[in-house]
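Dear colleague,

Please find below the structure that I am handing over to you. My findings follow directly after it, grouped by topic.

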Amino acid sequence: MVMRCLGALSRALLHMFPRKRPAGGEVEEGVPREAVVPKKLKVECSKSEVAADGNHRPPHGMACDSNGRNGADIDEDLHSRQLAVYGRETMRRLFASSVLISGLNGLGAEIAKNLALAGVKSITLHDEGIVGLWDLSSNFFFYEEDIGKNRAVACIKKLRELNNAVMISTLTGELTKEHLSDFQAVVFTDISLDKAMEFDDYCHSQHPPISFIKSEVRGLFGSVFCDFGPEFTVVDVDGEEPHTGIVASISNGNPALVFGVDDERLEFQDGDLVVFSEVQGMTELNDGKPRKIKNARAQSLILEEDTSHFGAYEKGGIVTQVKQPKVLQFKPLRDALSDPGEFLLSDFSKFDRPPLLHLAFQALDKFKHELGCFPVAGSEEDVQRLMAFAISINESLGAGKLEEINQKLLRHFANGSRAVLNPMAAIFGGIVGQEVVKACTGKFHPLFQFFYFDSVESLPVEPLEPDDVKPLNCRYDAQISVFGSKLQKKLEEAKVFLVGSGALGCEFLKNLALMGVSCSQKGKLTITDDDVIEKSNLSRQFLFHDWNIGQPKSTIAASVASSINPSLHIEALQNRACPETENIFDDALWESLNIVINALDNVTARLYIDGRCLYFQKPLLESGTLGAKCNTQMVIPHLTENYGASRDPPEKQAPMCTVHSFPHNIDHCLTWARSEFEGLLEKTPNEVNTFLSNPSEYTSALKNAGDAQARDLLERVLECLDKEWCENFKDCITWARLKFEDYFVNRVKQLTFTFPEDSATSTGAPFWSAPKRFPHPLQFSTSDPGHLNFVIGASVLRAQTFGISIPDWIRCPLELADAINKVSVPDFQSKKGVKIVTDEKATSLSAASIDDAVVISELITKLEGCARKLPAGFRMNPIQFEKDDDTNYHMDLITGLANMRARNYGIGEVDKLNAKIKAGRIIPAIATSTAMATGVVCLELYKVLDGGHKLEDYRNTFANLALPLLSMAEPVAPKLNKHQDMSWTIWDRWIIKGDLTLRELLQWLKNKGINAYSISYGSSLLYNSMLPRHRDRMDKKVVDVARDVARAEVPPYRRHLDIVAACENDEGADVDIPLISIYFR
């Protein structure tokens, strides 16, 4: 037993402590003591090569790759957001994969960037061409000094900087089929159809097959083709967590009817396979056999199962979805060209486009083959030649030919076919990058097999003349060939506000710099972000590098964007855009803007910027991502509804009593763990310091409050400074060991004493019925790694709050075990009359008492006596939860708290990574969906800055690259309000110029047939027709009334006052009028 105990201790210590601890410093009086928190050990990985699997793709096992990366040694601090999307197994497969990218135009660069950030094993860049002027508007790796260099070679240095764990190499000569055998996936962005078919035939015939992807961006048109071999296994079709449900009852019948608990919706679908566990009575269902759902409903499901002869259901049970792999049979390109099957559709208003674009891309290939070049923008002769090729190919299709060819669309296609536009490259770089990940890992459903896309509605409203699209011998010539020089000038002179410089912000900055937005002295790009760069940012925010950690995001991002395009006129600020900074982001700034782009990660900030854009009537381009999903919303003045017009329903929160006493899933345990962590290590130390900073003021405030919350605060502070005072590290171990006993033994004993297993509710129903789970106390043992990790994590962090250094003996298993086992654990006796909250609507666990005031006085007396015994100048070190530092023990403690609680209730435990994702509320994120979202937004940017586009030209987008799904639709128009011959929307603001009196304002409204009965400024009521004293204000200036009543001084940078008027018509019906702005200066 002793050896087992020491073995567990040794294993735990190996991963929790460093070989050498930094020396501690002396503590100055009056300054909080700072604990020396040890950094944890890492197990090193020796360098070795990964053998090719030889039997299947993707490879299932890996040791260390040639960079020394071990599949089990994923850097979770760097890849936590990506791990939240893919999981460890997919990341291991990705780390073992080698990819070829042929064609380093803008599209090739975007694909390479996304794959380097994802962390594939190696990327080989192939290109025989040289950097030209046209490349500078789409490939952010290229600078002007790279013109004339080989394109692959010019990319390699900057690509390596994105992720030094990825091996980058180049091929600059002719590519042969034999080259392809070294890769799991090959991507071609600029290849003839004949060569593509030759290479794809080779890839398709290999054992295992090599995944082949061909993609092109031609102006505002793009295509993707995928062939992953004759039989490709998709391990996980959508990446979603398997659905689970809590069973309330199961019938004995054929088919069986299963009911879930009342307050939880079952998310299963017809045809899903499910397994059962923990079913009592009908134990035959616990055999692990997948069973098919015949019919799924919100609260029940019908199984294709005869349970007539099974045991009678008693209670309990969890039903869990079983996700099945899917095998896809891809056709090679040679066959798929003539028999493409169903196309992936992105816009239902363009349902007839894919077959035509399938034909157009073949015609372009024929044009290039016959003439050796692309059609020249503005050349009618080249347009006619391309159309002739398209008509010829169409006629050869026989019964499959198109009845009608849209010549206007082909004209647009021909004119822009030489250009690789940055927004299109970003979109297709995201799509193709994700397809490569699928090919290498089997994670998510591949694109099967063709996808075509166009955005001709992004073209200028006014028709382009040949002179408009002539090259100007500048870096924007490719873009000018599509949009013309007039729109290019508008882009360069645009005044843009970009809010945020995280993952979305980095992509936007790169796009804007390449497009030439704000790249003249008349233009200006203002960017702001109050955040600094962290390690976890580097897997997506590609403008940052490890040497930038700790520096301001906006400053570094702006600097790198300026290196992409030295003409970029940009100002970087480090302020949060919010009501408190309206003196910085003032009226003059907002009024000067042409457009606002949000790159934010929270709804509150989005709503604020939306409100500002509404107020100043500025276009807002909105976007967001969640894992493989992304969405964009166009907010265009007077054309569309605003961002805040529709809201997602709030997330369902577990009742407080469920989290604290009746958890039934690991999320409840993690929520509780995070709450306890913050209470023990942040809130209580902060309360202690608040008390010690000004004892009389603190105690006086709580005495005046005199409630249960004040009592609880005093009890916690007193407990911390008295019974739980820690003088040395052994005291911290004692505290941690007793916390274990309190949390996972004593509280459970009290709960089951108050509510025994056979308890009944007031209605006679069993108290411990689903979803409640009956808990059992734990028996502490140093041989249990989970128990041990909890004590170590808790004691180290407790020491940090008291400024106690960590002793060397903690690394010795014998001494550590001895210290833990020497802790005297008092016996626990359950008490009668203890109140445990069971009301799901309760918002507090503290029960008020008539004796609160007396108890508070007694506690204050004890606390004041305790404070006199403290060392002079003593302060605690509160610990603020930080999820992204894997060496700080924060997640060790939260994982330990959650898992020990899960054991109490028989809930499946969670590993540290998933605990970090859930307790740390990490938003899953990957580079591919981020790139795609910003590309889509920048297509809309062309429309906004061109001006004159109608509502039907704009697109809102939702995409899920996992499925894959791309859905684009016209935005929703704003709600129209009408009164008499007037109409207005939320975008309208009534402006009155002049320093009006209250009487004059009321008359102004009366002239519009509207009677105002209430006028307010902010939260202050300036006028109400029902209040006689308000009549004395009638002849006062509105601004003076606001100054007197609301104590409001209009800041000098603002020339007007905004008021809200509640009005009615002559019949007494309310009329909801716009905001009124009185320009009194």
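**Strand pairing**

In strand β20, L621 is the bridge partner of I597. The model in which this pairing is seen is a predicted one. Strand β19, residues 595–598, runs parallel to β20, and two bridges join them. β20 itself spans residues 620–626 and is mostly covered, with five of its seven residues buried.

β10 and β11 are antiparallel and are held over two bridges; here K292 of β11 is the bridge partner of L273. β11 is also joined to strand β12 (residues 300–303), again antiparallel, by three bridges. Within that pairing, N295 stands opposite I302 of β12. Three residues separate β11 from β12, and the two strands form a hairpin. As a general point, side chains in a regular strand alternate between the two faces of the sheet.

**Confidence**

The chain has a mean pLDDT of 91, and 93% of its residues reach 70 or more. Residues 1–6, however, have a pLDDT below 50, and this stretch has eight contacts in the model beyond near neighbours in sequence. The pLDDT also stays under 50 over residues 17–72, for which the model has 137 contacts beyond four places in sequence.

**Salt bridges**

A search of the whole structure finds 65 salt bridges. In general, side chains of opposite charge can pair when their charged atoms come close.

One of these salt bridges is formed by D236 and K443, whose closest N and O atoms are 3.0 Å apart. D236 is in the loop between β7 (232–234) and β8 (244–250), while K443 is in the loop between α11 (422–441) and β15 (450–454), so the pair ties together parts that are 207 residues apart in sequence. With a relative accessibility of 12%, D236 counts as buried. K443 counts as buried too, at 11%.

R773 forms a salt bridge with E278, with 2.7 Å between the closest N and O atoms. Since R773 lies in the loop between α22 (729–754) and α23 (785–802), and E278 in the loop between β10 (273–277) and β11 (291–296), this pair ties together parts that are 495 residues apart in sequence. E278, by contrast, counts as partly exposed at 39%.

A further salt bridge lies within one helix. The side chains of E940 and K943 meet at 2.8 Å, N to O. Both residues belong to helix α28 (residues 927–946), where they are three residues apart, about one turn of the helix. E940 and K943 are both buried.

N689 lies in helix α19, which covers residues 666–693. At 13% relative accessibility, N689 counts as buried. Residues up to four places away in sequence left aside, N689 touches R875, M876 and P878.

I1076 is placed in strand β31 (residues 1075–1079). Its relative accessibility is 0%, and I1076 therefore counts as buried. Which residues are in contact with I1076, its neighbours within four places in sequence left aside? They are W990, I992, L1001, L1005, L1057, D1058, I1059 and A1061. The C-alpha atom of I1076 is separated by 48 Å from that of N114, and the two residues are 962 residues apart along the chain.

**A nonpolar surface patch**

F958, L963 and L965 make a nonpolar surface patch of about 220 Å². L963 is found in the loop between β22 (956–960) and β23 (965–969). At 35% relative accessibility, L963 counts as partly exposed.

With kind regards

Terms used: Residues numbered from 1 in each chain as written. Predicted model: local features only at pLDDT ≥ 70, side-chain atom pairs only at ≥ 80, totals over all residues. Heavy atoms only, no water. Patch = residues over 30% accessible without salt bridge, like charges linked within 9 Å, V, L, I, M, F, W, Y side chains within 5 Å. Areas by Shrake-Rupley, 256 points an atom, 1.4 Å probe, with all protein chains shown as cover. Salt bridge = Lys/Arg side-chain N within 4 Å of Asp/Glu carboxyl O. Helix = DSSP H or I, 4+ residues; strand = E, 2+ residues; numbered from the N terminus. Buried < 20%, exposed > 50% of the residue type's maximum accessible area, 1.4 Å probe, protein only. pLDDT = per-residue confidence, 0-100. Contact = heavy atoms within 4.5 Å. Pairing = 2+ DSSP bridges.
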